[in-house]
Amino acid sequence: MLLLRRCLSLARFSPLNSQRHQVSPTVALCAVRLCSSSGGGGGGGEDQRSYQHTHRPRWRHALAGLLAGSGAVLAYGLHNHKAEQEDISVQNLKKRSGLPIYSQEEVTKHRSLENGVWVTYKGGVYDITEFVAMHPGGEKILLAAGGALEPFWALYAVHNQEHVLEILSEYKVGELSVEDQKKQQAIKSSDPYASDPERHPVLHVNSLKPFNAEPPPEILTDSYVTPSAFFFKRNHLPVPHVDPATYQLRVEGLPGGVLTLSLEDLKTRFPKHTITATLQCAGNRRSEMNKVKQVKGLNWGIAAISNATWSGARLRDVLLAAGYRPDVAQWAHHVQFEGLDKDVTGTTYGASIPINKAISEEGDVLLAYEMNGEDIPLDHGFPVRAVVPGVVGARNVKWLGKIVVSAEESSSHWQQNDYKGFSPGTDWDTVDFKSAPAIQELPIQSAITTPADGATIDRSVETVTVKGYAWSGGGREVVRVDVSLDGGKTWQVAQLRGSEEGQGPESSPPPGRAWAWKLWEITAPFPHEAEELEIVCKAVDSSYNAQPDTVSPIWNLRGVLSNAWHRVKVKVREDEREA
Ligand code: MTE
């Protein structure tokens, strides 16, 4: 693959083809043939030699690219063309006269190696096709293709160096049209969602307004704790902007009367408690139910789930401060949460949880004001959200405005008429939402994040590595993940990773309080006789709950609780050298 890319970029930049983004398919093909005829070694052939001669600095980039696998920063380090290149400086990023103006639409067309990989940065347009193979971070650079670099560079601070800007400047092909930026501004100002925060462009957007998005699976399990920017986002309404200085949380329904707490009160009057907990949307993996029969809801893939560290006051401590006493449990069965996000009628988002979960010392329910060590980001509930570990995402109410201790569940639509499971035989004509309980603890779940469905593996490889996540609701620990490469005929046990540091019993959470997912991985011998791999995973939790093998028997009209064995198909490519 690396070789193919290099061949394509050589074709793109060959002297026969000096216009960077007008690669004739014939030239590209010739280059591919030349490269493959060189036997896949270090790359040779006439094209490359003449390229090396006329584009020496670029050849150095290619060399850096080959080395990048063994030392990421090396590629940038080797790229020291200051001494041998014409005057390239950071100033070049700002303006280079005579370059064409491109619209965002034009830039967006260039998001693949075949069509060229373009990005924008500070008003400049860059054709970085050639650089893709040399990028120290590998193919992830393609996630920025057709869009802006800034959000990616903000996350990966290694880019904030002058020589990285110098590298970029070499690939400049034009300027981004000012009109385009203005147009975007105009659309924003007349939009009820105009004040929604900026989101990371890597997210797969399921709905823009309200904003609902999930990270690409290959990113999801890169880190045990999901960076907040990549954490899935599930909003039903526009994001409210709450002033932390005037924020007040009302706690109602207890004998002590109404307790009102400022953000400062929450931070100073109650001990700060930190947990690592996975949130999963009830609709995670709904797209697999859609394949069986159409359901209503956002078409989530496998990444409406993420893991973060959360800090805040324990709900238990706040309820005790508001007058909770053991006798309250005789009449109060629920704790309701109300968000500060409102629809046009003024109705707020709401949900509730059982009071025993709220008051239990082992329940670990938080009124969280920090996510991953920082103020909770706007999308995730700034300044305060409920974190109810082990319980479906819907009850983890963001932008929390009110808590009510009550004999009743929340009367909100999302508690009463949504987020409930039904029989596959129930349809929209027969459904009675009162007949089913609101989802609280979620069932056992697992999915494969690498390889991707439809990926290709060379027959010549010795081993195949499969990665994914596994999690169960209610604090039940994932104790095993089984992986099959042959559609479920034979199984092997994956290695589990239960914390940032490592694995093993020392990182096991206390029984019943396994709030965070486990990442898992297995490297298995490649089955050389296979025409295609059907990779399957299934997890088992500490109560020996297992996932159902197929989707049909758990299909339901809202597409919730989708947790069948996860399957990906991988094509096996014949080794060209043997053919
Ligand atoms: N809280 C409020 N106030 N408004 C919402 O729309 N969405 C809920 C829950 N809390 C929601 C909310 C749902 S359905 C989910 S899955 C989680 O928030 C998602 O949390 P996240 O966006 O931080 O991932």
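A residue is called buried when its relative accessible area is under 20%, exposed when that value is over 50%, and partly exposed in between, with a 1.4 Å probe and protein chains only. The structure is a predicted model, in which local features need pLDDT of at least 70 and side-chain atom pairs count only at pLDDT 80 or more, while totals for chains, interfaces and linings use all residues. Residues are numbered from 1 along each chain as its sequence is written, and side-chain values use heavy atoms, with hydrogens and water left out.

**Overall make-up**

- The chain contains 16 helices and 27 strands, where helices (H or I, at least four residues) and strands (E, at least two) are DSSP runs numbered from the N terminus.
- Taking contact to mean heavy atoms within 4.5 Å, 73% of the contacts between residues at least 6 apart in sequence join residues at least 24 apart.

**Strand E13 and its two partners**

- Strand E13 (residues 334-342) runs antiparallel to strand E14 (residues 348-354), and six bridges join them; two strands are said to pair if DSSP finds at least two bridges between them.
- Within this pairing Glu-338 stands opposite Gly-350 in E14, and the hairpin of E13 and E14 has five residues between the strands, with Gly-346 taking a positive phi near 90°.
- E13 also pairs in the antiparallel sense with strand E18 (residues 400-406), over six bridges, and there Gln-336 stands opposite Val-404.

**Cavities**

- Three cavities of 30 Å³ or more are found in the structure, a cavity being a set of points, on a 1 Å grid over the protein atoms alone, where a 1.4 Å probe fits but cannot get out.
- The largest cavity has a volume of about 230 Å³, given that grid points are joined across faces, edges and corners and that a volume is the space filled by probe spheres set on the points.
- Its lining, made up of residues that have an atom within 4 Å of a point, consists of 20 residues, of which Arg-234, Arg-385, Gly-393, Asn-396 and Lys-398 lie nearest the centre of the largest cavity.
- The lining residues of the largest cavity divide into eleven nonpolar, five polar and four charged, where Ala, Val, Leu, Ile, Met, Phe, Trp, Tyr, Cys and Pro count as nonpolar, Asp, Glu, Lys and Arg as charged, and the others, Gly among them, as polar.

**Buried sites**

- Helix H9 (residues 162-169) is largely enclosed by the rest of the structure, because six of its eight residues are buried; these are Val-164, Leu-165, Glu-166, Ile-167, Leu-168 and Ser-169.
- Ile-141, in the loop between strand E4 (124-127) and helix H8 (150-155), counts as buried at 10% relative accessibility.
- Not counting residues up to four places away in sequence, Ile-141 touches Ile-128, Phe-131, Val-132 and His-135, and its C-alpha is 8.8 Å from that of Phe-152, which is eleven residues away in sequence.
- Arg-558 lies in the loop between strand E26 (532-541) and strand E27 (566-573) and, at 10% relative accessibility, counts as buried.
- Leaving aside neighbours within four places in sequence, Arg-558 is in contact with Arg-286, Val-295, Lys-296, Gly-297, Asp-418 and Trp-428.

**Backbone features to note**

- Most residues other than glycine have a negative phi, and most peptide bonds are trans.
- The peptide bond from Phe-382 to Pro-383 is cis, with omega near 5°, and Pro-383 is placed in the loop between strand E16 (374-375) and strand E17 (385-387).
- A cis peptide bond also leads from Thr-450 to Pro-451, with omega near 0°, and Pro-451 is in the loop between strand E19 (445-450) and strand E20 (456-458).
- Asn-372, in the loop between strand E15 (366-371) and E16, has a positive phi near 50° although it is a residue other than glycine, and at 22% relative accessibility Asn-372 counts as partly exposed.
- Tyr-419 has a positive phi of about 50° and is not a glycine; this residue lies in the loop between helix H16 (413-416) and E19, and Tyr-419 is buried, with a relative accessible area of 3%.

Technical notes. 1 Å grid on protein atoms, 1.4 Å probe; cavity = no way out; pocket = protein on both sides within 12 Å on 5 of 7 lines; lining within 4 Å.
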